[in-house]
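Please look over the structure shown here before reading on.

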Amino acid sequence: SGTGTQADPYTVANVAQLEAFAAAVDGGETYKGKFVALGADIDLSGIASWNPIGGEGKNSTNIFQGTFDGKGHSISGLKISAEITEEGNYGLFSILGNKAVVKNLNVTGASMTVTNTADVARVGVIAGDTEKTAGSGDTGLAAHIDNCSTTGTVAVTTTGDKLAFGGGFVGRLFNGGVVTSCWSDVDITVKALNGSKSAYAGGIAGTTGNYAVIANCATFGDCTAVAPKNSNFGGMAGGIVSMQAGKQYNVYATGDMTVGSGGSKHKWVGVLDG
C-alpha cells in the first residue's frame, strides 16, 4: 500500500512483500526520492538464505537510494549463507546508495556466513557496503543509518588473497557515510586466509572511509579478525570500527576484541578501534 511519499510511504507488512521489494530493487527500481516503511514485524526464519535488497556485485547500479523506515518494527531470523567467486556485498541490503536512509529498524537474530574464494567480501547486518559521496560539489550526507539495532552473528571468509570486511551494521561505511543513535550485539568473525590481504572486523563497521561519522552508538558483541599470512595490517578489530577514517562521538563498546596477524609485527586491536 501507499504512494511512496513521506506522508504516505509504500508499506511492507509481510515476508512476501519484503521479497517483492527486494526483487524490485534487484530489477532496477532504486526508489530514489521515495519512502518505504514497515507496517509490521517480519519473521524471515523460513527463508534459508535471504536475497539482499539490491545487486550484490561491484558495479551494480541496482541499489536502494530511498528512505526505509522500520517504524520501530523488527525483522527477525535473517539468514544469509553464500559461497561466491566475485566481489560481493551482503546484508539485509547489498549496498546503500548515496543519500539512502535506513532508520527506526531492529534486525534481531541475524545469522550471516559468506565465503568468497576469489574476490572481496563485505558483510553487515544492515548492508555490505555504502556508496560514497558523489564528490566535492555534493552536499549533505551519504548513506545514513539512524536509530537502529542489530543482533546475531556475522562470519566472513576470503581465500583468494582478497580483503574481507565484517560489521554489526555495514561491512564498509564508505566516504561520507553516517551511523547515529544505534546499537548492536553482533559477534563478528572475519578471516582473510590466503595471501597478503587484511581482515577487518568492527562492531559498527568493518572499516570507514574519509568523512564518515559515527555518533551516539554502542556495541556489545565480540569481534575477531584473522589474516595469518599477512605481514602488514593483518587482522584488525575494534568494538566500533576496525580501521577508522573519519569522526566518532559518544561511542561505547564492551566486547572482546581478538586479532591474528600472521607475520605482522603490529597488533591492530582496540576496544573502540583497531
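Gly 238 has Gly 270 as its bridge partner in β27, and two bridges join β27 to strand β23 (residues 235–238), the two running parallel. Here helices (H or I, at least four residues) and strands (E, at least two) are DSSP runs numbered from the N terminus, and two strands pair if DSSP finds at least two bridges between them. This is a predicted model, in which local features need pLDDT of at least 70 and side-chain atom pairs count only at pLDDT 80 or more, while totals for chains, interfaces and linings use all residues. Residues are numbered from 1 along each chain as its sequence is written, and side-chain values use heavy atoms, with hydrogens and water left out.

**Sheets and strand pairing**

- Strands β23 and β27 belong to an open sheet of six strands, paired in parallel and ordered β7-β11-β15-β19-β23-β27.
- At the edges of this sheet are β7 (88–90) and β27 (269–270), each of which pairs on one side only.
- An open sheet of five strands, also with parallel pairing, has the order β8-β12-β16-β20-β24.
- Its edge strands are β8 and β24 (241–243), each pairing on one side only, and the twist from one strand to the next averages 20°, where axes are lines fitted to C-alpha atoms, for helices over the stretch in contact, and angles run from 0 to 180 degrees between N-to-C directions.
- Four bridges connect strand β22 (residues 223–226) with β26, which run parallel, and the bridge partner of Thr 224 in β26 is Thr 258.

- Arg 122 sits in strand β11 (residues 121–124) and counts as buried because its relative accessible area is 6%.
- The side chains of Arg 122 and Asn 89 make a polar contact at 3.0 Å, a term for a pair of N or O atoms within 3.5 Å in which, within protein, one must be able to donate a hydrogen and the other to accept it, and residues adjacent in sequence count only if both atoms are side-chain atoms.
- Beyond its neighbours within four places in sequence, Arg 122 is in contact with residues including Glu 87, Tyr 90, Asp 129, Phe 165 and Arg 172, contact meaning heavy atoms within 4.5 Å.
- Thr 151 belongs to strand β14 (residues 149–158), and although Thr 151 and Asp 185 are 34 residues apart in sequence, their C-alpha atoms are 4.7 Å apart in space.
- A polar atom of the Thr 151 side chain lies 2.9 Å from the backbone nitrogen of Gly 109.

**Residues with positive phi**

- Most residues other than glycine have a negative phi, and most peptide bonds are trans.
- Lys 99, in the loop between β8 (93–96) and β9 (101–103), has a positive phi near 85° and is partly exposed, with a relative accessible area of 34%.
- Asn 250 lies in strand β25 (residues 246–253), has a positive phi of about 55°, and counts as exposed because its relative accessibility is 59%.

**Cysteines**

- The count of disulfides comes to zero, a disulfide being a pair of cysteine sulfur atoms within 2.5 Å.
- Cys 217 is buried at 3% relative accessibility, and its sulfur is 4.9 Å from the closest cysteine sulfur, in Cys 182, and therefore too far for a bond.
- Cys 223 is likewise buried, with a relative accessible area of 1%, and the closest cysteine sulfur, in Cys 217, is 14 Å from its own and so too far for a bond.

**Nonpolar core**

- The largest nonpolar core has 67 residues, and among those touching the most other members are Phe 21, Trp 50, Phe 93 and Leu 105; such a core is a set of buried Ala, Val, Leu, Ile, Met, Phe, Trp, Tyr and Cys residues joined through side-chain atoms within 4.5 Å.
- Not counting residues up to four places away in sequence, Leu 105 touches Leu 38, Phe 68, Ile 75, Leu 92 and Ile 126, among others.

Technical notes. Buried < 20%, exposed > 50% of the residue type's maximum accessible area, 1.4 Å probe, protein only.
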